[in-house]
Amino acid sequence: MPVNLSAPVASELHPVAGVRIGVAEAGVRKANRKDLTVFLLDEGATVAGVFTQNRFCAAPVQVCREHLQGGQAIRAMVINTGNANAGTGADGLQRARSTCAALAGQLGFAPEQILPFSTGVIMEPLPTERIAAALPAALADAQPAHWGRAAEGIMTTDTLPKAFSRQLQLGGKTVTITGISKGAGMIRPNMATMLGFLATDAAIAPELVQPLVRELADQSFNRVTIDGDTSTNDSFMLVATHKAGNAPVASLDSADGAALKQALLAVAQQLAQAIVRDGEGATKFITVRVEGGRTGDECRKVAYAIAHSPLVKTAFFASDPNLGRILAAVGYAGIDDLDQTGIDLFLDDVHVAVQGGRNPDYREEDGQRVMKQSEITVRVVLGRGDAADTVWTCDLSHDYVTINADYRS
């Protein structure tokens with residue numbers, strides 16, 4: 001079961017002016033499930049994205065990059081689940097392009113105005129004929145309010161759809177932000193087996209959208225890890241339709257720009273954290289906060305060392321305060337001149353280690369009390385400076401092995 005995560009309520013997901021979404025059953029891998037989603041974007045929308053840093057990236061990622069760099073206005077996005085179209089070579093590229101051509105033909109656009117996304121099993125041919133056959137149904141289903149359906153339509157091993165929405169006032173105008181994500185395994189920084197789609201009707205200078213989506217990703221999706229694997233298909237897209245009627249945001253450092261960025265980041269972090277809360281087999285949501293570093297980079301190194309450690313994660317699953325595993329991870333994080341006598345460790349409100357050694361006041365029952373919680377904060381103080389950073393992760397359970405062992409069957 002997901003950790004303190006519930007399914008979105010469709011009525012609480014605000015439509016974004018200039019975006020329509022349709023969902024259909026294409027039978028990509030399994031029958032009778034929503035597995036094909038189409039986003040239709042009004043003329044004038046700006047689209048930007050960040051993608052996996054895995055060099056063995058999937059065909060749709062390669063095609064998305066090509067189409068975004070081509071300079072033509074993006075008018076639609078097409079997403080299939082059940083098949084990643086990764087590890088498929090030249091044939092996979094041709095199939096991703098043929099999907100774009102099929103949707104472009106239905107809409108009267110150029111194929112280069114379509115972005116394709118796939119998620120699912122790797123190294124199997126994408127059944128493009130099934131996708132093409134289901135496109136008319138997805139287009140007929142397209143409605144502004146179908147964000148909840150889209151959240152369901154992009155799921156793979158997720159147990160719950162993930163969608164969040166909020167509104168804010170900019171210059172007396174109501175601006176809407178709504179997004180969806182999917183992901184449950186092969187999740188770590190550098191983007192992972194996740195897809196994220198975030199849209200706003202805010203008017204914003206088009207040249208700001210690409211740096212904005214990168215900044216949002218760095219502070220949300222690139223701060224989560226489930227199992228340390230980096231996938232072939234990760235994509236996080238930001239769409240700005242410019243239809244809210246606000247004075248266009250010309251700088252992210254302006255009052256309106258800062259407010260918009262903060263609201264977008266809040267939704268992006270909710271989407272990213274929802275992926276961790278629904279991690280494959282997860283029973284606990286863990287915040288790893290590292291403070292007192294010389295730089296943010298070394299704080300992240302320590303945080304990821306803790307969050308990636310199978311020994312740490314299994315201890316959390318067992319509610320076992322075997323907290324020496326955390327200190328060991330701090331030590332091998334890659335800070336060559338780290339002074340262990342400057343390190344303090346906290347588990348929520350429990351002060352576990354002082355200056356690199358066990359706190360004389362620490363009691364095992366206090367550590368166990370915290371470890372039994374469904375949400376836990378690990379805080380490490382390095383005693384080297386003023387930098388800090390945070391990573392979100394989950395425990396590693398028996399079910400994680402079961403889910404991944406059975407995934408293709």
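This is a predicted model: local features need pLDDT of at least 70, side-chain atom pairs count only at pLDDT 80 or more; totals for chains, interfaces and linings use all residues.
Buried area is the accessible area, taken with a 1.4 Å probe, that two parts lose on being put together, summed over both. The size of an interface is often given as the accessible area lost when the parts come together.

Residues are numbered from 1 along each chain as its sequence is written, and side-chain values use heavy atoms, with hydrogens and water left out.

**Two domains**

The protein chain is divided into domain 1 (10-278) and domain 2 (285-406), with bounds that come from an automatic or database domain assignment. Their C-alpha centres lie 33 Å apart.

**Where they meet**

Domain 1 and domain 2 bury about 1,300 Å² between them, and 59% of this is on carbon and sulfur atoms. On the domain 1 side, Arg223, Thr225 and Arg277 lose the most area to domain 2, together 44% of what that side buries. In contact (heavy atoms within 4.5 Å) are 16 residues of domain 1 and 15 residues of domain 2.

Two salt bridges cross this interface; the term stands for a side-chain nitrogen of Lys or Arg within 4 Å of a carboxyl oxygen of Asp or Glu. Arg223 pairs in this way with Asp389, their closest N and O atoms being 3.2 Å apart.

**Cysteines**

The structure holds zero disulfides (pairs of cysteine sulfur atoms within 2.5 Å).

| Residue | Relative accessibility |
|---|---|
| Cys299 | 0%, buried |
| Cys394 | 0%, buried |

Technical notes:
Buried means under 20% relative accessible area, exposed over 50%, partly exposed in between (1.4 Å probe, protein chains only).
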